[in-house]
Amino acid sequence: MSADVAQARRFWYKSSVVPGQPAYRRRHHGNREAAVKERRQFIYSAGLWVNPLKAEGGRIRKRDISAKFLKRNPAVTHRLVPWLSKEFSVLVEAEHASFMVQLVLSIVDKIDIESEEFGAHLEPFLHSRTQHFLHEFRSFAKSPYDMIAYDERATYGPETGADNQEQSGKDALCR
């Protein structure tokens, strides 16, 4: 086995296969970042929402994501940065992604993530994708996993809850 093939296999995660998009591994040959970005674009465009995470042995431990807790624990907030960067690289134009990360970081320890007010701060930028993003964000923020472990465990399907709002036209920031 060549070194290139061995390197590529290192980045093959079962989560890189999404229904309707089975060719990620072959198409990206180990370029995990490009594969993840393409996968996230597909998830948003196909209207797939993350299902509740399930632990193999029963209940899954959930993190506290209240603004009060995040203010007292900046390391927990720092854990969100790579995930936010990944999501915003898909949801907004490249030149706006770092602004969006900073916007979220500036309010996450002041306004509860699960509040309507939090979503109201993002809606002018994410428009029709705000509720979808919030659902994904809350799921990751509550999970006990880092980004890679989360991606390995997350499963997706059609939206089934009240979080979804009909997606309508695009805007200047949204892709």
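**Note on the predicted model: core and aromatic contacts**

1. F140 and Y150 are both buried (under 20% relative accessible area with a 1.4 Å probe, protein chains only; exposed is over 50%, partly exposed in between). F140 lies in helix α8 and Y150 in helix α9, so their pairing ties together parts 10 residues apart in sequence. Helices here are DSSP runs of H or I with at least four residues, strands are E runs of at least two, and both are numbered from the N terminus.

2. Basis. This is a predicted model: local features need pLDDT of at least 70, side-chain atom pairs count only at pLDDT 80 or more, and totals for chains, interfaces and linings use all residues. Residues are numbered from 1 along each chain as its sequence is written, and side-chain values use heavy atoms, leaving out hydrogens and water.

3. Confidence. The average pLDDT of the chain is 80, and 74% of the residues score at least 70; pLDDT is the predictor's confidence in each residue, from 0 to 100. Residues 1-26 fall below 50, with 36 contacts beyond near neighbours in sequence. Residues 162-175 stay under 50 too, with 41 contacts beyond four places in sequence. A contact means heavy atoms within 4.5 Å.

4. Core. The largest nonpolar core has 39 residues, and L84, F88, F118, L122, F133 and F137 touch the most other members. Such a core is a set of buried Ala, Val, Leu, Ile, Met, Phe, Trp, Tyr and Cys residues joined through side-chain atoms within 4.5 Å. Elements that each supply at least two residues include α3 (32-45), β1 (48-50) and α5 (74-91). α5 gives the most, with 7 residues. Beyond four places in sequence, L84 contacts V101, V104, L105, F133 and F137.

5. Aromatic pairs. The structure holds 8. Rings of Phe, Tyr and Trp (its six-membered ring) pair if their centres lie within 6.5 Å; planes under 30 degrees apart are stacked, over 60 edge-to-face, the rest tilted. F133 and F137 are stacked because their centres are 5.6 Å apart and their planes at 15°. These two sit 4 residues apart in helix α8, separated by about one helical turn. F140 and Y150 are edge-to-face, at 5.2 Å centre to centre and 85° between the planes. Ring pairs link W83, F88, F118, F133, F137, F140 and Y150 into a cluster.

6. Charges over rings. The charged end of R79 sits over the ring of F140, 4.3 Å from its centre. The charged end of R153 sits over the ring of Y145, 4.3 Å from its centre. The test is NZ of Lys or CZ of Arg within 6 Å of the ring centre and within 35 degrees of the ring normal.
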